Amino acid sequence: MRCSVPIAAVFAAAGALALPAPIQPRADSDGHSHETAPWDDGATKDFVIHESCNSTEMIQLRKGLADALTLADHAKQHILRFGNSSEHYRKYFGDAPSAEAIGNYERVIS
């Protein structure tokens, strides 16, 4: 039995049905839609230093943490440039793949 619908039309219709629907914001029970908050809403990029520290200790901690971030970023950039063939990399990480070390430094930085 022969079909009167061209095969190209069938594939075109199937392709149109497979397109994703646009994403709509959620609506509550009253029908009002709400914008979602950014994933980092309310977060801080600063380290929280306990209130028991005096001002001198806070300054020292902030400087030390800033230095740690700078050092971690430098180490990450070094690995990205030289990979695991660097003498410094091999001293601390041996023959391990560089992705894990880069990821750990990135966690410290961000």
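**Pockets, rings and salt bridges**

Student: Which residues line the largest pocket?
Tutor: A pocket here is an open set of points on a 1 Å grid over the protein atoms alone, where a 1.4 Å probe fits, with protein on both sides within 12 Å along at least five of seven lines, and lining residues have an atom within 4 Å of a point. The model is predicted, with pLDDT of at least 70 required for local features and 80 or more for side-chain atom pairs, whereas totals for chains, interfaces and linings use all residues. Residues are numbered from 1 along each chain as its sequence is written, and side-chain values use heavy atoms, leaving out hydrogens and water. The lining consists of Trp39, Asp40, Ala43, Thr44, Lys45, Phe47, Leu69, Arg107, Val108, Ile109 and Ser110.

Student: How much space lies in the largest pocket?
Tutor: Its lining divides into six nonpolar, two polar and three charged residues; Ala, Val, Leu, Ile, Met, Phe, Trp, Tyr, Cys and Pro count as nonpolar, Asp, Glu, Lys and Arg as charged, and the others as polar. Helix H4 gives the most to this lining, with three residues; helices are DSSP runs (H or I, at least four residues) numbered from the N terminus. A volume is the space filled by probe spheres set on the grid points, and for the largest pocket this is about 250 Å³.

Student: Which element gives the most to the lining of the second largest pocket?
Tutor: This pocket has a volume of about 200 Å³, and its lining includes His74, His78, Tyr89, Phe93 and Tyr105. By class, the lining has seven nonpolar, three polar and no charged residues. The elements that give two or more residues to it are H2 and H3. The most, five residues, come from H2.

Student: How many aromatic pairs does the model hold?
Tutor: Rings of Phe, Tyr and Trp (its six-membered ring) pair if their centres lie within 6.5 Å, with planes under 30 degrees apart counted as stacked, over 60 as edge-to-face and the rest as tilted. By this rule, the aromatic pairs number two.

Student: At what angle do the planes of Tyr89 and Phe93 lie?
Tutor: Tyr89 and Phe93 are four residues apart in helix H3 (residues 87-93), hence about one helical turn. Phe93, at 31%, is partly exposed. The ring centres are 5.0 Å apart and the pair is tilted, because the planes lie at 35°.

Student: Which residues do the ring pairs link into a cluster?
Tutor: Phe93 also pairs edge-to-face with Tyr105, at 6.3 Å centre to centre and 90° between the planes. Phe93 lies in H3 and Tyr105 in H4 (residues 98-109), so this pair ties together parts twelve residues apart in sequence. The cluster consists of Tyr89, Phe93 and Tyr105.

Student: How many residues apart in sequence are the parts that Glu106 and Lys76 tie together?
Tutor: A salt bridge is a side-chain nitrogen of Lys or Arg within 4 Å of a carboxyl oxygen of Asp or Glu, and the side chains of Glu106 and Lys76 meet in one at 2.5 Å, N to O. Glu106 is partly exposed at 30% relative accessibility, whereas Lys76 is buried at 14%. Glu106 lies in H4 and Lys76 in H2, so the separation of the tied parts is 30 residues.

Student: What is the N to O distance between Asp95 and Arg90?
Tutor: The whole structure holds two salt bridges. Asp95 is exposed at 66%, and Arg90 is partly exposed at 40%. Their side chains meet in a salt bridge with an N to O distance of 2.3 Å.

Terms used:
Buried means under 20% relative accessible area, exposed over 50%, partly exposed in between (1.4 Å probe, protein chains only).
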